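Subject: Structure handover and findings

Hello,

Here is the structure for you to look at. My notes follow below it.

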Amino acid sequence: MSELDLEGYLTESLAAVASAERVAELDAIESQSKAKNSPLIAARRALGSISDETQRKERGRDIQHISDALLSAISLRREALAANEREAWLLEDALDLTEVVTSKVVFPSTRGHAHVVAQTRASLEEVFVSMGFSIEEGPEVETDWYNFEALNLPPGHPARDMYDTMYLDLGNAETVLMRTHTSPMQIHLLEAAVAKNALPIHAAIPGRCYRLDTPDARHLPVFHQVEGLVVDKGITFGDLAGVIETFTAAYFGPDIHSRLRPAYFPFTEPSAEFEITCTICRGEGCRTCSKTGWIELGGCGMIDPAVFDAVGIDSAEWSGFAFGFGIDRCAQMRHSIADMRALIENDVRFSRQF
Ligand code: DAH
């Protein structure tokens with residue numbers, strides 16, 4: 001076969017490749033080019049009859065070029081057709097997931113909101129900010145010194161029995177613990193104020209606390225408190241009583257009052273328990289308040305000079321008061337939640353009510 005015929009074969013084949021619509025057609029062109037009767041194969045076979053070596057090699061190279069050109073055109077076209085075919089197949093196979101909504105409200109979408117305890121904490125913070133307190137936060141993991149000793153609760157002190165403590169397996173035995181109350185923040189803030197010479201302090205410190213208590217209607221092993229700390233010159237018990245009463249009316253409403261009853265806490269002297277009008281019976285007397293009309297909310301008192309001594313503050317110059325009460329208990333009283341365990345059960349039928 002002459003050289004011209006081979007060129008003609010290439011032109012024809014390239015045209016066939018370009019117009020092929022399916023991969024199968026390309027497969028056919030490729031296998032024809034390799035078949036016995038293909039002009040390319042015939043030309044290769046005829047190489048042996050060219051006696052001049054230089055001419056033979058040249059002819060061999062030409063045949064190879066033509067074969068390469070054809071195969072690479074086939075391969076390019078095959079790629080393009082394969083992509084088209086795949087796309088068509090995908091389109092054909094696609095599922096129509098459009099949903100036709102037949103009734104107006106199929107699933108009413110509901111927006112989430114803050115948990116009732118988080119809401120309570122935020123409202124308490126607002127009340128304290130409006131009374132001129134700053135809001136502070138502190139660590140939940142404490143050392144024995146901050147949680148007990150600096151608060152005038154040395155090792156072996158009987159009042160430690162009030163706090164069933166979760167200890168961490170860190171350092172010496174029973175030295176690192178989950179704070180049992182927010183009162184250790186009194187020590188952190190007093191220390192910081194001494195270091196920065198930044199007294200007076202008017203701070204409210206909300207946060208999570210831990211005790212090894214079995215959950216029941218009024219206790220959770222993980223609960224929240226808010227601590228109050230005021231240190232200034234000439235602070236009296238009257239200031240403390242006034243702050244508690246102002247807070248009570250601001251948070252629970254004007255018909256709810258507070259009263260202080262003598263109590264004992266190692267870090268305050270004198271100490272008091274503060275009670276508020278029972279929010280269930282509004283003071284009439286009911287089962288929740290054991291017919292007294294009052295519900296205990298927390299503890300308070302004038303800062304014991306031993307606490308000032310522990311951080312190096314002169315108690316002849318400075319005086320102050322502190323208080324601490326349960327945020328969860330506030331939520332319980334304000335919303336009449338019979339059983340505190342509902343706060344941690346994550347039942348949306350409960351939580352969406354607030
Ligand atoms: N930390 C105490 C407790 O959890 C409550 C308390 C009592 C806090 C008296 C105070 C206070 O700041 O002065 O049992």
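First, a definition: buried means under 20% relative accessible area, exposed means over 50%, and partly exposed lies in between, using a 1.4 Å probe and protein chains only. By that rule Thr277 is buried, at a relative accessible area of 8%.

Some ground rules. This is a predicted model, in which local features need pLDDT of at least 70, side-chain atom pairs count only at pLDDT 80 or more, and totals for chains, interfaces and linings use all residues. Residues are numbered from 1 along each chain as its sequence is written, and side-chain values use heavy atoms, with hydrogens and water left out.

**Layout**

The protein chain splits into domain 1 (3–93) and domain 2 (116–351). Those bounds come from an automatic or database domain assignment. The domain centres, taken over C-alpha atoms, are 89 Å apart.

**Thr277**

Thr277 sits in strand E7 (residues 268–277). Helices (H or I, at least four residues) and strands (E, at least two) are DSSP runs, numbered from the N terminus. A polar atom of the Thr277 side chain lies 2.7 Å from the backbone nitrogen of His257.

What else does Thr277 touch, leaving out residues up to four places away in sequence? The list is Asp255, Ile256, His257, Arg282, Gly283, Gly293 and Trp294. Contact here means heavy atoms within 4.5 Å.

Arg282, one of those neighbours, has a feature of its own. Its phi is positive, about 55 degrees, although Arg282 is not a glycine. Arg282 is in the loop between E7 and E8. It is partly exposed, at 44% relative accessibility.

**The sheet**

Seven strands make an open sheet with mixed pairing, in the order E1-E4-E5-E9-E8-E7-E6. Strand E1 (134–135) and strand E6 (258–265) are at the edges with a single partner strand each, so one side of each has no neighbour in the sheet. Two strands pair if DSSP finds at least two bridges between them. E1 and strand E4 (residues 201–210) run parallel and are joined by two bridges. Ile135 has Ala204 in E4 as its bridge partner.

Two helices to look at here. H5 packs on the sheet and touches E1, E4, E5 and E9; its direction makes about 165 degrees with that of E4. Helix H10 (residues 327–335) also packs on the sheet, touching E4, E5, strand E8 (294–303) and E9, and its direction makes about 60 degrees with that of E9. Axes are lines fitted to C-alpha atoms, for helices over the stretch in contact, and angles run from 0 to 180 degrees between N-to-C directions.

**Salt bridges**

How many salt bridges does the structure hold? There are 14. Each is a side-chain nitrogen of Lys or Arg within 4 Å of a carboxyl oxygen of Asp or Glu.

- Arg121 and Glu125: the closest N and O atoms are 3.0 Å apart. The two are four residues apart in helix H5 (residues 116–130), so about one helical turn separates them. Arg121 is partly exposed at 23%, and Glu125 is partly exposed at 23%.
- Glu317 and Lys233: the closest N and O atoms are 3.2 Å apart. Glu317 is in the loop between helix H9 (305–311) and strand E9 (319–326), and Lys233 is in the loop between strand E5 (222–232) and helix H8 (237–252), so the pair ties together parts 84 residues apart in sequence. Glu317 is partly exposed at 40%, as is Lys233 at 48%.
- Arg341 and Asp339: the closest N and O atoms are 2.7 Å apart.
- Asp27, Glu30, Lys34 and Arg78: salt bridges link these four in a network.

The peptide bond from Leu199 to Pro200 is cis, with omega near 0 degrees. Pro200 is in the loop between helix H7 (184–196) and E4. Glu269 and Pro270 are also joined by a cis peptide bond, with omega about -5 degrees. Pro270 is in strand E7.

Best wishes

Conventions: A polar contact is a pair of N or O atoms within 3.5 Å; within protein, one must be able to donate a hydrogen and the other to accept it, and residues adjacent in sequence count only if both atoms are side-chain atoms.
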